[in-house]
Amino acid sequence: MSLKAFLGLIGAAMLIGGFTFMITSVSAGEFSCGSALSPDASAAQQKDQENAIARTIPGGRAFFDETDYARGCDAAISARRVWSIPLMIAGSVVLLGVLF
């Protein structure tokens with residue numbers, strides 16, 4: 001196998017791997033946050049609202065923590081994007097470098 005073919009396989013694998021990680025589901029704790037391409041933090045936002053309402057009940061602060069599950073979803077999606085987008089870009093550059 002030539003060096004050019006080997007680099008082409010590596011570039012293709014990087015591109016496919018980055019895209020696969022962009023479309024797979026992201027979760028933050030017990031909540032599914034959608035994927036990096038289509039985030040959906042609605043379940044986390046709903047739980048945050050339920051906890052905020054429950055904390056307004058007298059004595060509720062003792063039983064319901066102040067949570068920010070939606071921010072956890074945003075952080076998980078951002079972390080997924082931070083390493084999968086550069087992986088896709090690097091794979092594309094390597095693959096295009098081999099082809100042209």
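Q: Which residues of helix α1 are buried?
A: Helix α1 contains buried residues, where buried means under 20% relative accessible area, exposed over 50% and partly exposed in between (1.4 Å probe, protein chains only). Helices (H or I, at least four residues) and strands (E, at least two) are DSSP runs numbered from the N terminus. In α1 the buried residues are Gly8, Gly11, Gly17, Gly18 and Met22.

Q: What kind of model is this, and which pLDDT cut-offs apply?
A: Residues are numbered from 1 along each chain as its sequence is written, and side-chain values use heavy atoms, with hydrogens and water left out. The model is predicted: totals for chains, interfaces and linings use all residues, whereas local features need pLDDT of at least 70 and side-chain atom pairs count only at pLDDT 80 or more.

Q: In what order do the elements of the protein chain run?
A: The protein chain has three helices and two strands. Read from the N terminus on, the order is α-β-β-α-α.

Q: What is the radius of gyration of the protein chain?
A: The C-alpha trace spans about 70 × 20 × 15 Å along its principal axes. The reference is a globule rule, 2.2 Å times the number of residues to the power 0.38, and the radius is taken over C-alpha atoms. For 100 residues a compact globule would have a value near 13 Å, but the protein chain has 20 Å.

Q: What is the distance between the end C-alpha atoms of helix α3?
A: The expected span of a helix is 1.5 Å times one less than its number of residues. Helix α3 (residues 69-99) has 31 residues and should therefore span 45 Å. The model agrees, with its end C-alpha atoms separated by 45 Å.

Q: Against which elements do the buried residues of α3 pack?
A: The buried residues of α3 are Ala70, Cys73, Ile77, Arg80, Ser84, Gly91 and Val98. Contact means heavy atoms within 4.5 Å. The partners of these buried residues are α1 (3-23), β1 (25-28), β2 (31-35) and α2 (42-56).

Q: Which residues does Ala70 touch beyond four places in sequence?
A: Ala70 lies in helix α3 and counts as buried, because its relative accessibility is 13%. Its C-alpha atom is 7.3 Å from that of Asp48, 22 residues away along the chain. Not counting residues up to four places away, Ala70 touches Ala44, Gln45 and Asp48.

Q: Is Ala44 buried or exposed?
A: Ala44 belongs to helix α2. Not counting residues up to four places away in sequence, Ala44 touches Phe31, Tyr69, Ala70 and Cys73. Since its relative accessible area is 0%, Ala44 is buried.

Q: Which residues is Cys33 in contact with, leaving aside neighbours within four places in sequence?
A: Cys33 is found in strand β2 and counts as buried, because its relative accessibility is 0%. The C-alpha atoms of Cys33 and Asp74, 41 residues apart along the chain, are separated by 8.0 Å. The contacts of Cys33 are Val26, Ser27, Ala28, Pro39, Asp40, Ala41, Cys73 and Ile77.

Q: What separates the C-alpha atoms of Ile10 and Leu95?
A: Ile10 is in helix α1 and counts as partly exposed, because its relative accessibility is 36%. Leu95 is 85 residues from Ile10 along the chain, and the C-alpha separation is 8.0 Å.
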